[in-house]
Amino acid sequence: MSNSTENHLSPDLSGKWVLITGVGGFLGRALATQLQMAGARVVGLDILLGSAAFPSGIQYCPVDILNFDLLCQTVAELSAVGGREAIVFHLAGQAHVGKCRENPSKAFALNVTGTFNILESCRRADLKRVI
């Protein structure tokens, strides 16, 4: 077993296109940074405004995952430049339990309908890697 600190995300992400939903969140920012270090071209989706919340060097798209038409357009554009080998990491949604209790229908929409929208937009764009 190796004690090396090399990146174990992928054998080779150099030049691969990666889309991260929820890139403004804690996990999204950390993943974007790691993928950039692995050589990936990172596109980040989030509904947060302003680029201060996002890692530098990523292409930011202010897309709400509940806006199905805009999401499909964005994913299709990713597919056009990245091909079927583009990778989608879906991290968007409402994870805060208190906010889910306050507004369960909104939490359902974000977490269930939003996930469906991601999966369907990737299917339509013929992207095969959704994580």
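This is a predicted model: local features need pLDDT of at least 70, side-chain atom pairs count only at pLDDT 80 or more; totals for chains, interfaces and linings use all residues.
**Questions about this model**

Colleague: Not counting residues up to four places away in sequence, which residues does Cys122 touch?

Modeller: Residues are numbered from 1 along each chain as its sequence is written, and side-chain values use heavy atoms, with hydrogens and water left out. Touching is contact, meaning heavy atoms within 4.5 Å. With residues up to four places away in sequence left aside, Cys122 touches Val75, Val88, Leu127 and Val130.

Colleague: Is Cys122 buried or exposed?

Modeller: Cys122 is found in helix α4, where helices (H or I, at least four residues) and strands (E, at least two) are DSSP runs numbered from the N terminus. Buried means under 20% relative accessible area, exposed over 50%, and partly exposed in between, with a 1.4 Å probe and protein chains only. Cys122 has a relative accessible area of 1%, and therefore counts as buried.

Colleague: How are the axes of α2 and α4 oriented to each other?

Modeller: Axes are lines fitted to C-alpha atoms, for helices over the stretch in contact, and angles run from 0 to 180 degrees between N-to-C directions. The axes of α2 (residues 68-82) and α4 (residues 104-124) come within 9 Å and cross at roughly 45°. Angles under 35 degrees count as roughly parallel, over 145 as roughly antiparallel, 65 to 115 as roughly perpendicular, and the rest as oblique. The orientation of α2 and α4 is therefore oblique.

Colleague: Which residues of α2 and α4 make the contact?

Modeller: On the α4 side, the contact is made by Asn117, Ile118, Glu120, Ser121, Cys122 and Arg124. On the α2 side, the residues are Phe68, Leu71, Cys72 and Val75.

Colleague: How far apart in space are Cys122 and Cys72, C-alpha to C-alpha?

Modeller: Cys122 and Cys72 both take part in the contact between α4 and α2. They are 50 residues apart in sequence, and their C-alpha separation in space is 7.7 Å.

Colleague: What is the relative accessible area of Leu13?

Modeller: Leu13 is placed in the segment before β1 (17-21), and, not counting residues up to four places away in sequence, Leu13 touches Leu35, Ala38, Gly39, Ala40 and Ile87. The C-alpha atoms of Leu13 and Leu35, which are 22 residues apart along the chain, are separated by 7.6 Å. Leu13 is buried, and its relative accessible area is 5%.

Colleague: Is Ala95 buried or exposed?

Modeller: Ala95 lies in the loop between β4 (87-90) and α3 (97-102). With a relative accessible area of 71%, Ala95 is exposed.

Colleague: What is the phi of Asp126?

Modeller: Most residues other than glycine have a negative phi. Asp126 is found in the loop between α4 and β5 (129-130), and with a relative accessible area of 31% Asp126 is partly exposed. Its phi has a positive value in a residue other than glycine, near 65°.

Colleague: What pattern does the protein follow along the sequence?

Modeller: The secondary structure of the protein comes to 4 helices and 5 strands. Read along the sequence, these follow the pattern β-α-β-β-α-β-α-α-β.

Colleague: Over which residues does pLDDT stay under 50?

Modeller: The protein averages a pLDDT of 87, and 88% of the residues score at least 70. The stretch under 50, for which the model has 0 contacts beyond four places in sequence, is residues 1-5.

Note on methods. pLDDT is the predictor's confidence in each residue, from 0 to 100.
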